Amino acid sequence: MPSRRIPLLLMGAFLALYLIWGSTYFVIRIGVESWPPMLLAGLRFVIAGSLMFAWLRWRGAPLPTAKQWRSCAIVGVLLLSFGNGGVTVAEHLGVASAVAALAIATVPLFALLFGLIWGQRTTGLEWGGIVLGLIGIGLLNLGHNMQASPLGAAIVLLAAASWAFGSMWSRHLSLPSGAMASAAQMLIGGAVLLLGSAATGERLQQVPAMAGWIALAYLTFLGSIVAFSAYLYLLKHVRPAAATSYAYVNPVVAVLLGISFAGERIGPEEWLAMTVIVSAVVLIGLPQWRRPKVDTAIKSV
């Protein structure tokens, strides 16, 4: 019977990665209708980070060193405060959840470009993916969603670049082992978001609706804890390129959810952009399937 358990566990991990992470863009849209954006993102990560940190300490995981805390601060701010926080702010400003997901799908493209800073070699196929992806970004910006909110469009693209830069930099930093790195990053990234919320004068105008509380719980427990645990499991049991395949599955899930349940409209430019961007990410991923280790593994929480 154990031989049957493993495939089912792998299947469950992939479904969690694809469906949960793909749905977080839609859930963020629901959440920002009740919560100020930085407050929502900050609470999500502080709560998730605190729970993970407490659980890991209870299991005997060592505390991060001072150097590791500094590294976690760098990664947490780039990935969570500017990355996830930027997506949340962009959706609050009117960027459709489906379009935000398409923009974040460009993370592997940015990662390859930033990898050049650290001397990472890029194959011809990967360069082709980068060029195709940049064309996709251009098409995405021609769509009505991005043009309706230029500031939101700029923020979501900067969020993708920040996520990619933080991911590449993290490979050269001293981080705690295992999930402790993620817990520390969430604690610091979430705290910075809460400070940003207070500094910009975000205020709750009224008690959040039930949908807002459900969105916060979903993002905290499923988006940040369950899906990330599934990601760690997959990194140990499948090729890294397979584990990071969410980069071209999540946008499709987000688009379908946004159209089906949020009444979002996707124009022809954006449909074409999705096809081009997803194709670009697939091109980038193809060489990695033949490698024992991937150079551009993108971490997420």
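The model is predicted, so local features need pLDDT of at least 70 and side-chain atom pairs pLDDT 80 or more, while totals for chains, interfaces and linings use all residues. Residues are numbered from 1 along each chain as its sequence is written, and side-chain values use heavy atoms, without hydrogens or water.

Fold next. The protein has 13 helices and 0 strands; these are DSSP runs, H or I of at least four residues for helices, E of at least two for strands, numbered from the N terminus. Of the 301 residues, 55% are buried. Buried is under 20% relative accessible area, exposed over 50%, partly exposed in between, with a 1.4 Å probe and protein chains only.

Now S162. It sits in helix α8, residues 150–170. S162 is buried, at 10% relative accessibility. A polar atom of its side chain lies 2.6 Å from the backbone oxygen of L78.

On to the rings. Phe, Tyr and Trp rings (six-membered ring for Trp) pair with centres within 6.5 Å; planes under 30 degrees apart are stacked, over 60 edge-to-face, the rest tilted. The count is 7 aromatic pairs. F110 and F114 are stacked, 6.4 Å centre to centre, 20 degrees between planes. They are 4 residues apart in helix α5, residues 107–115, so about one helical turn separates them. F110 is buried at 17%; F114 is partly exposed at 21%.

F165 and W169 are tilted: 5.6 Å, 55 degrees. Both lie in helix α8, 4 residues apart. What do ring pairs link into a cluster? F110, F114, W118, F165 and W169.

Notes:
A polar contact is a pair of N or O atoms within 3.5 Å; within protein, one must be able to donate a hydrogen and the other to accept it, and residues adjacent in sequence count only if both atoms are side-chain atoms.
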